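Trainee: Please take me through the aromatic side chains here, up close. I would like one connected account.

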Amino acid sequence: QVQFVESGGGLVVPGGSLRLSCTASMSSFNVYTIAWYRQAPGEQREQVASIKSGDNSNYAESVKGRFIISRDHAKNAVVLQMNRLKPEDTAVYFCNVPKPSGGALFTWGQGTQVTVSS
């Protein structure tokens, strides 16, 4: 059973930055497309960024230009650098392998809470 572990969340003031990390208990982590998702209270989970095995990345319009997704090959992790954070970025952030038809391939991890507030 693949387990995802997300870390790096916290409380930050608007305009601040956070760096999230995603690791998983799989040996072939780097060959998968990995996506970061977020879910705000009362909202559906949404995909915010993804990175393919060849390091091509995609972003939701709401985070484009502020968030950067990358791979840390040495740590077998996918990192989400979040800059110029806004209160509307407040959510629990998760990572997983996206399915082409929507949704995610594996069981969700616990996620990491990001709160943007003054």
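Mentor: What follows covers the aromatic contacts, then the sheet beside them in the account. Keep in mind that this is a predicted model.

Start with the count. A search of the whole structure gives four aromatic pairs. One of them is Y32 with F106. Look at where the two residues sit. Y32 belongs to the loop between β3 and β4 (34-39), while F106 belongs to the loop between β9 (91-96) and β10 (112-116), so this pair ties together parts 74 residues apart in sequence. Y32 has a relative accessibility of 26%. Buried would need under 20% and exposed over 50%, so Y32 counts as partly exposed. Y32 and F106 also belong to a cluster: ring pairs link them with F4.

Now take a second pair, Y37 and W108. This pair is edge-to-face as well, at 4.9 Å centre to centre. The angle between the planes is 90°. Y37 is in strand β4, and W108 is in the loop between β9 and β10. The two residues are 71 apart, and their pair links distant parts of the chain. How accessible is each partner? Y37 is at 6% relative accessibility, so it counts as buried. W108 is at 29%, so it counts as partly exposed.

W108 has another contact, this time with a charge. R45 lies over the face of W108, 3.8 Å from the ring centre. The charged end of R45 also sits over the ring of F94, at 4.4 Å from that ring's centre. W108 pairs edge-to-face with Y37, and R45 lies over its face.

Go back to F4, which the ring pairs link to Y32 and F106. β1 pairs with strand β3 (residues 18-24) in the antiparallel sense, over four bridges. Within that pairing, E6 has C22 of β3 as its bridge partner.

Notes
Residues numbered from 1 in each chain as written. Predicted model: local features only at pLDDT ≥ 70, side-chain atom pairs only at ≥ 80, totals over all residues. Heavy atoms only, no water. Pairing = 2+ DSSP bridges. Phe/Tyr/Trp six-rings, centres within 6.5 Å; stacked < 30°, edge-to-face > 60°. Buried < 20%, exposed > 50% of the residue type's maximum accessible area, 1.4 Å probe, protein only. Lys NZ or Arg CZ within 6 Å of the ring centre and 35° of its normal.
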